[in-house]
Amino acid sequence: MFQTHDKAINSSSSRIWFITGSSTGFGRALAEAVLAHGDRLVATARHLEQLQSLSAPSPEQLLTLALDVTNEAQCQEAVTQAMERFGQIDVLVNNAGYGLFGAIEETSALEVRQQFETNVFGLLNVTRAALPILRAQRRGHILMMSSIGGFVSFMGMGMYNASKRAVEGLSDALAQEIAPLGIHLTIIEPGLFRTDFTGRSLKVAERKIEDYAQTSGMVLDYTTKNIHGHEPGDPALAAAAILKVVEHPQPPLRLALGADALEMMRKKLDEVSQEWKTWEATSIATAFPTTPKESL
Ligand SMILES: NC(=O)c1ccc[n+]([C@@H]2O[C@H](COP(=O)([O-])OP(=O)(O)OC[C@H]3O[C@@H](n4cnc5c(N)ncnc54)[C@H](OP(=O)(O)O)[C@@H]3O)[C@@H](O)[C@H]2O)c1
């Protein structure tokens, strides 16, 4: 169905990347790093004009496509166009996403649905479109942009946390399913990075409940006033780290990005482990009494 490719393009030194949400932030930084590295790129964004300023050292390296990940047909079409142009996809980067802020009770059914439409179902739309290609190739690498919030929950960000936890859950299983087919999967878990995430991309629940002012409200206030524009993480350095992982013959299942991410996730693991220990006797006292085989 798709044109086959010459040896030069198939060589590991020239990968074909497909990135969602390439307009700003991580997607944009990664797009620039990939092109500078000499790889080929299908850069996608909801609004094509936002990719006009993305320039490749050589024009044949780059294909730009309009893609809203919530549009399943457009995801299929984008993958088809990528194949028509480059004949293969080596690295799929499911990066597109945004954060919904608000206490759980403050978020409406529609706001939650939209959060999942992009962060989870959108990611699945692109993944489903690309998997037949990767399986046929018996090689490739899927990068799932999760978050520190996919591992640790924060008040005021519960539905974002839930969406990223869903990404982690499905990714864990998918990684096991595609490993025998020669396809890698890495879950990326960034801490705070200086992108548009806490600025223009931030969605805030319309409903406000005064009882949550000191919890969810405080987190939102602190985020917009003190964090936005001061995040420690540099997306260009994140892109360099991601390139390194993709080039590694045995890439990790999880890649934390940022000292903040590592510290908070380690703390979470320690807390969970400690709680398991405290409640161990209760946990294991739940099985049927063992029936000796000889008495059956
Ligand atoms: N920055 C952080 O601290 C941080 C930390 C952990 C995880 N993340 C994750 O990193 C990813 C990228 O975010 P970012 O930090 O780079 O923020 P960003 O600069 O706001 O970029 C978000 C990107 O996602 C795109 N997008 C949103 N909805 C989309 C849709 N329906 N279809 C296609 N593209 C869509 C945006 O497109 P438009 O330009 O059209 O809006 C934009 O390109 C997200 O998945 C986010 O959850 C970020």
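Which residues of helix 2 are buried? The buried residues of helix 2 are Gly 25, Phe 26, Gly 27, Arg 28, Ala 29, Leu 30, Ala 31, Ala 33, Val 34 and Leu 35, where buried means under 20% relative accessible area, exposed over 50%, and partly exposed in between, with a 1.4 Å probe and protein chains only.

## Basis and confidence

This is a predicted model, in which local features need pLDDT of at least 70 and side-chain atom pairs count only at pLDDT 80 or more, while totals for chains, interfaces and linings use all residues. Residues are numbered from 1 along each chain as its sequence is written, and side-chain values use heavy atoms, with hydrogens and water left out.

The pLDDT, the predictor's confidence in each residue from 0 to 100, averages 94 over the chain, and 94% of the residues score at least 70. Confidence is highest in strand 4 (residues 91–94), at 99, and lowest in helix 1 (residues 7–10), at a mean of 36. Helices (H or I, at least four residues) and strands (E, at least two) are DSSP runs, numbered from the N terminus. Over residues 1–12 pLDDT stays under 50, and the model has 21 contacts for them beyond four places in sequence; a contact means heavy atoms within 4.5 Å. Where pLDDT is low, the predicted coordinates should not be read in detail.

## Annotated domain

The UniProt record, an unreviewed entry, places the feature "domain: Ketoreductase" at residues 15–207. UniProt positions are given in the numbering used here, feature names are shortened, and annotations may be inferred rather than shown by experiment. Over residues 15–207 the chain is 40% helix and 19% strand, with the end C-alpha atoms 46 Å apart.

At 1.5 Å a residue, helix 2 (residues 25–36) should span 16 Å, and its end C-alpha atoms are 17 Å apart, which agrees; the expected span is 1.5 Å times one less than the number of residues. Just after helix 2, Gly 38 has a positive phi of about 95°.

Ser 22 sits in the loop between strand 1 (16–19) and helix 2. Ser 22 is buried, with a relative accessible area of 0%. Its side chain reaches the backbone oxygen of Ile 19 at 3.2 Å. This is a polar contact, a pair of N or O atoms within 3.5 Å; within protein, one must be able to donate a hydrogen and the other to accept it, and residues adjacent in sequence count only if both atoms are side-chain atoms. Leaving aside neighbours within four places in sequence, Ser 22 is in contact with Gly 27, Arg 28, Ala 43, Thr 44, Ala 45 and Leu 51.

## Ligand surroundings

The ligand is surrounded by 30 residues, the closest being Ser 23, Phe 26, Tyr 160, Thr 195 and Ser 201; a residue is near a molecule if one of its heavy atoms lies within 4 Å of it. Oxygen atoms of the ligand lie 2.6 Å from a side-chain N or O atom of Thr 195, 2.8 Å from a polar side-chain atom of Thr 24 and 2.8 Å from a backbone N or O atom of Asn 95.

Asn 94 belongs to strand 4 and counts as buried at 3% relative accessibility. Its side chain makes a polar contact of 2.9 Å with the side chain of Thr 127. Beyond four places in sequence, Asn 94 touches residues including Thr 20, Leu 123, Thr 127, Ile 142 and Met 144.

Leu 174, in helix 5 (residues 158–178), is buried at a relative accessible area of 10% and touches Thr 127, Leu 131, Ile 142, Met 144 and Leu 185, not counting residues up to four places away in sequence. Gly 169 also lies in helix 5, but is partly exposed, with a relative accessible area of 45%.
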